[in-house]
Amino acid sequence: EVPPVIYRWSNIDSQGVNSKTLLLAGLFADGRQIFMPEDICQEEFTGYFLNHVHIEKTPSPFISTFRSMLAPVHRALWNKEGAIISIIDTKKLDTKVYPAIKLFREQNLRIRGYDGRGEFLVWGKIPSAAIICAVKISTIQQLADEHVEIGQFLQLEKLISHQYNRKQLHDDLAKDAGQLDRTSGFIIGKFLNFINLP
């Protein structure tokens, strides 16, 4: 199922329009009218999906988002140039959202180190109304540097030390992760307040 909140990372090299108030898939970024998946045949839809997951340079009608903030923050740290993290309310989307793992299994794909788990592909456009907030990765790093407790909670140095978001990183993050209690709740609240999350 599509979760109530999803996350996207983007930078100056990302396809499409990626601003704090609008996310537009690469295929529609040049002013081309947004068509719906049901307007095209299954073969064309599958072709778009295969190009997207194989990271082809051809424009895609999909916008990649994630169930967890981990993958977007990890990628943003590794691809810093102008990187932002967008937090999206899926209830305010008026388009199709596809669990990538479902499409992956339907196509019986094999891509080393990737199976679509935790990724959701939004068709076409994410409007301003659905973007809860967007924050630069440099701002997140600055908050982690300036506030020791936020830095300890986010563990950005561990994210930077692992090139891939895989089991080794997850195991490393689990060590010294701290407790989910009143104190950690206060730290999370402080962080969310700093990034202007309503």
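Mentor: A salt bridge is a side-chain nitrogen of Lys or Arg within 4 Å of a carboxyl oxygen of Asp or Glu. The model discussed here is predicted, and the structure holds three such salt bridges.

Trainee: What makes E149 and K190 a salt bridge?

Mentor: The closest N and O atoms of E149 and K190 are 2.5 Å apart. The cut-off is 4 Å, so the pair qualifies. This pair links distant parts of the chain, with E149 in helix 5 (residues 148-154) and K190 in helix 8 (residues 182-194), 41 residues apart.

Trainee: Why is E149 called partly exposed?

Mentor: Partly exposed lies between the buried limit, under 20%, and the exposed limit, over 50%. E149 has 25% relative accessibility and therefore counts as partly exposed. K190, at 27%, is partly exposed because its value also falls in that range.

Trainee: How do you know that K167 and D171 form a salt bridge?

Mentor: Their closest N and O atoms are 2.7 Å apart, and the limit is 4 Å, so the pair meets the definition. Being four residues apart in helix 7, K167 and D171 are separated by about one helical turn.

Trainee: Why is K167 called exposed, and why is D171 called partly exposed?

Mentor: K167 has 59% relative accessibility, and exposed means over 50%, so K167 counts as exposed. D171 has 36%, which lies between 20% and 50%, so D171 counts as partly exposed.

Trainee: What makes E106 and K102 a salt bridge?

Mentor: The closest N and O atoms of E106 and K102 are 3.0 Å apart, which is within 4 Å, so the pair is called a salt bridge. The two residues are four apart in helix 3 (residues 100-106), and therefore about one helical turn separates them. An α-helix has 3.6 residues a turn, so residues three or four places apart point the same way.

Trainee: Why is S60 called buried?

Mentor: Buried means under 20% relative accessible area; S60 has 4%, so S60 counts as buried. S60 is placed in the loop between helix 1 (42-53) and strand 4 (62-66). Leaving aside residues up to four places away in sequence, S60 touches Q15, A25, G26, L27 and H52.

Note on methods. Residues are numbered from 1 along each chain as its sequence is written. This is a predicted model: local features need pLDDT of at least 70, side-chain atom pairs count only at pLDDT 80 or more; totals for chains, interfaces and linings use all residues. Side-chain values use heavy atoms; hydrogens and water are left out. Buried means under 20% relative accessible area, exposed over 50%, partly exposed in between (1.4 Å probe, protein chains only). Contact means heavy atoms within 4.5 Å.
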